Amino acid sequence: MSDPVNTRRFNIRPQDAASRHPAIVECAAILKRGGLVAIPTETVYGLAGSALDAAAIARIFEAKERPSWDPLIVHVSDFEMIARIAAELPANVRTLVERFWPGPLTILLKRASHLPLPVTAGLETVAVRMPAHTVARSLIAVANLPLAAPSANRFGRTSPTTAEHVLLDLDGRIDAILDAGPTSIGVESTVLDVLRTPPLLLRPGGITREQLEDAIGPIEIYSAPQRVQPEALTSPGLAARHYAPQARVVLVNGQQEALLEAIRQQVATEGERGEYVAVMAPEGWLDQAALSAGGLVIFDWGTWGDWTQLAQNLFSGLRYLDKPGVNVIICPLPPEEGLGLALRDRLMRAAR
Ligand code: TXA
Ligand code: MG
């Protein structure tokens with residue numbers, strides 16, 4: 001591990017994301033020098049470095065302790081920039097991205113031959129997205145660089161939706177953080193392999209399956225085979241236990257009675273050992289018995305059925321509950337509809 005650096009902190013409001021804003025100018029300069037900056041996007045914070053600079057890419061993997069087999073997403077601010085990292089957009093893909101970009105959709109394209117190989121972990125495709133966050137896009141445009149940016153957490157941990165989350169994992173390992181407040185969507189982008197027919201949904205995320213199918217017709221959903229080494233998977237990052245709190249995550253059916261029953265059981269067994277039980281609690285779901293149970297730590301997750309709100313709060317909730325002394329986090333599992341699909345995916349990987 002490299003010597004610690006002083007991580008500089010810049011603040012900016014999303015509505016102030018002009019190209020002359022001093023925080024943007026300063027962070028663009030750091031990126032041009034090959035430095036690393038944690039940046040806000042509409043999904044989660046990303047750890048950005050120039051996608052064209054092999055040394056910067058190596059530092060991203062080191063700071064995150066990310067295995068070299070897990071490829072990065074490259075972020076662009078406009079369509080012209082794609083030519084610097086990938087082959088031209090196929091015509092049928094152009095319609096799709098014109099509908100969802102800028103926004104939380106990542107697509108796979110054939111990579112440009114000069115792109116440093118570690119960016120794609122040696123794959124022939126590169127994952128590309130145009131973020132909707134004004135600060136992210138302004139920064140990419142001012143730096144005039146396509147930015148490789150995985151989520152700004154240490155590998156395997158919960159993704160960061162605030163600057164505080166980023167600093168807990170990466171303070172002293174990166175040159176700067178650009179703090180624009182909490183992210184709005186709260187789960188990562190949808191990753192879609194558009195080079196296949198039908199397109200293959202590799203990671204459910206901010207753009208829902210329903211939205212995609214409305215735009216392009218039926219798509220397939222990838223399910224990672226069990227007992228395969230991650231490096232051998234179609235999308236390597238989809239494997240492993242991920243988004244993972246230290247505490248054990250126990251998932252229950254998305255029904256109030258199932259949640260209450262799980263709380264009763266866990267409080268009884270864990271309480272005996274003096275351990276805390278934590279719960280991601282939908283509004284109005286806890287009864288008096290649960291509310292007055294000693295040893296229960298509660299996070300008010302939001303309104304069940306409002307998947308947008310639950311997605312916004314998911315990672316801060318898991319981080320909030322993951323405290324010393326908390327042995328188990330109980331969480332009801334949303335159905336496979338809308339953003340519920342992304343919520344299920346993150347929770348099931350946290351529980352693996
Ligand atoms: O919302 C997001 O996508 C955030 C923000 C910062 O943009 N970024 C993000 O990056 O979530 P990361 O690195 O945490 O997740 C990228 C995922 C990984 O699961 C990786 O394996 C997959 O995308 N991926 C990247 N390039 C790929 C490729 N060429 N083929 C298949 N999967 C790829
Ligand atoms: Mg990640």
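Which residues of helix H2 (residues 54-64) are buried? Let's find out in this predicted model.

## One side of helix H2

The buried residues of H2 are Ala56, Ile57, Ile60, Phe61, Ala63 and Lys64. They lie on the same side of the helix, because they cover an arc of only 165 degrees around its axis.

Look at the start of H2 and you will find aspartate 53, with a side-chain oxygen that comes within 3.0 Å of the backbone nitrogen of alanine 55. After H2 comes glutamate 65, and its phi is positive, near 55 degrees.

## Two cis peptide bonds

Now turn to the prolines. The bond from tryptophan 101 to proline 102 is cis, with omega near -10 degrees. Proline 102 sits in the loop between helix H3 (91-100) and strand S5 (105-110).

The bond from threonine 197 to proline 198 is also cis, with omega near -10 degrees.

## Positive phi in loops

Alanine 121 is not a glycine, yet its phi is positive, near 55 degrees. This alanine 121 belongs to the loop between S5 and strand S6 (125-129), and is partly exposed, with a relative accessible area of 26%.

Asparagine 144 has a positive phi near 55 degrees as well. Its loop runs between helix H4 (134-143) and S7, and asparagine 144 is partly exposed at 42% relative accessibility.

Notes
Residues are numbered from 1 along each chain as its sequence is written. Chains are lettered from A and ligands numbered from 1 in the order in which they are written. This is a predicted model: local features need pLDDT of at least 70, side-chain atom pairs count only at pLDDT 80 or more; totals for chains, interfaces and linings use all residues. Side-chain values use heavy atoms; hydrogens and water are left out. Buried means under 20% relative accessible area, exposed over 50%, partly exposed in between (1.4 Å probe, protein chains only). Helices (H or I, at least four residues) and strands (E, at least two) are DSSP runs, numbered from the N terminus. The arc is that of the directions from the helix axis to the C-beta atoms. A polar contact is a pair of N or O atoms within 3.5 Å; within protein, one must be able to donate a hydrogen and the other to accept it, and residues adjacent in sequence count only if both atoms are side-chain atoms.
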